[in-house]
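Before reading on, take a moment to look over the model as a whole. What can be learned from the way its parts are arranged?

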Amino acid sequence: MGYLKNYYEKLIFLLGFFSALPFFFIPYKPFIYINRYQIDNVWIYKQILYPGYTASLGLALPFVLTFLVIFFCFAFFSLKKEKENFNLIILGGLPVILNTLVLFFLSLSVKSFGASASLLGLLIIIILMNNLDFKIFYRGFLISLIFFVNLHAISLLLSGIEISHSINGISIFGVEIYQSLVSYVYVVSFFFGTLILKKKLLINLINFENKKINLILYYITLTSCFIIIVIMQRRFAFLILLFSLIIFLIIYLKKNKIKKKKENYSIYK
């Protein structure tokens, strides 16, 4: 993190880095939810979901929301100086608070806070989009996501395709990724689509002196995303993958057509 000028920027970077990790805080020891899967031939060779999969954790707070809120608190003081952004916080925050209260009183369950948490996270991201510190946070998030996705793919391959397939790829080195079949796989599929359509995103993110290393890392990360999507077998994730490839093909053919036109024009000229 030598490119970061001071401790404050390093802290912002680390908040973004930890935000990308798909883990959850819980209100009891060990305070971070860890569920290790057990290999058993009884279920490995049967076409059923791994019986140790956590269906519902109850009251839990995802890393992304926790560290995003902490970052928001840091950035809040700079936003106060900008009246327009400060008004956006008030006007955007009131509907979220109202929505949270309505959902809670209608359901009388703490699980209702889960839906409100997503809205809160979205609101915070919208508010902070133009914040200079958000670029550092965003950089940390993407580097962490690249790191985690590649480690997850390595874990799946080392465990063996058969075992990884039998547990739908829900673990990384034996530790369950909670809500991996609900949200994580879709984050990976969107990331895959983003890398396909915006190649320079990763290449410009980590600037190695040798540009070939950037290119190798790009294709490794792309392959890792593909492995995860295939093994986790979520239909919507496949649709996102397919949609991204179709758009990429259309853009590629269009660019190729324009290139040929320019070449023909230069020949006749």
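Q: How many helices and strands does the chain have?
A: The model is a predicted one, and the count here describes that prediction. Its chain is made up of 11 helices and 4 strands.

Q: What percentage of the residues of the chain count as buried?
A: A residue counts as buried when its relative accessible area is under 20%. The chain has 269 residues, and the share that counts as buried is 41%.

Q: What share of the contacts with a separation of 6 or more comes from residues 24 or more positions apart?
A: The contacts considered here are those in the chain with a separation of 6 or more. Among these contacts, residues 24 or more positions apart account for 73%.

Q: Are helices α6 and α10 parallel or oblique to each other?
A: Two packed helices are described by the angle between their axes and the distance between the axes. For helix α6, residues 132-159, and helix α10, residues 211-232, the axes come within 9 Å and cross at roughly 55°. That angle makes the arrangement of α6 relative to α10 oblique.

Q: How are α6 and α8 oriented to each other?
A: Helix α8 spans residues 180-197, and its axis lies 12 Å from that of α6, at an angle of about 110°. Angles of 65 to 115 degrees count as roughly perpendicular. The two helices α6 and α8 are therefore roughly perpendicular.

Q: Which residues of α8 meet α6?
A: From α6, the residues taking part are Leu142, Leu145, Ile146, Phe148, Val149 and His152. The contact of α6 with α8 divides into 9 nonpolar residues, 1 polar and no charged. On the α8 side, the residues are Tyr184, Val187, Val188 and Phe191.

Q: Is Ser155 buried or exposed?
A: Ser155 lies in helix α6. Leaving aside residues up to four places away in sequence, Ser155 touches Ser171, Ile172 and Phe173. Because its relative accessibility is 1%, Ser155 counts as buried.

Terms used
Residues numbered from 1 in each chain as written. Predicted model: local features only at pLDDT ≥ 70, side-chain atom pairs only at ≥ 80, totals over all residues. Heavy atoms only, no water. Axes fitted to C-alpha atoms, helices over the stretch in contact; angles between N-to-C directions. Parallel < 35°, antiparallel > 145°, perpendicular 65-115°, else oblique. Contact = heavy atoms within 4.5 Å. Nonpolar A, V, L, I, M, F, W, Y, C, P; charged D, E, K, R; others polar. Buried < 20%, exposed > 50% of the residue type's maximum accessible area, 1.4 Å probe, protein only.
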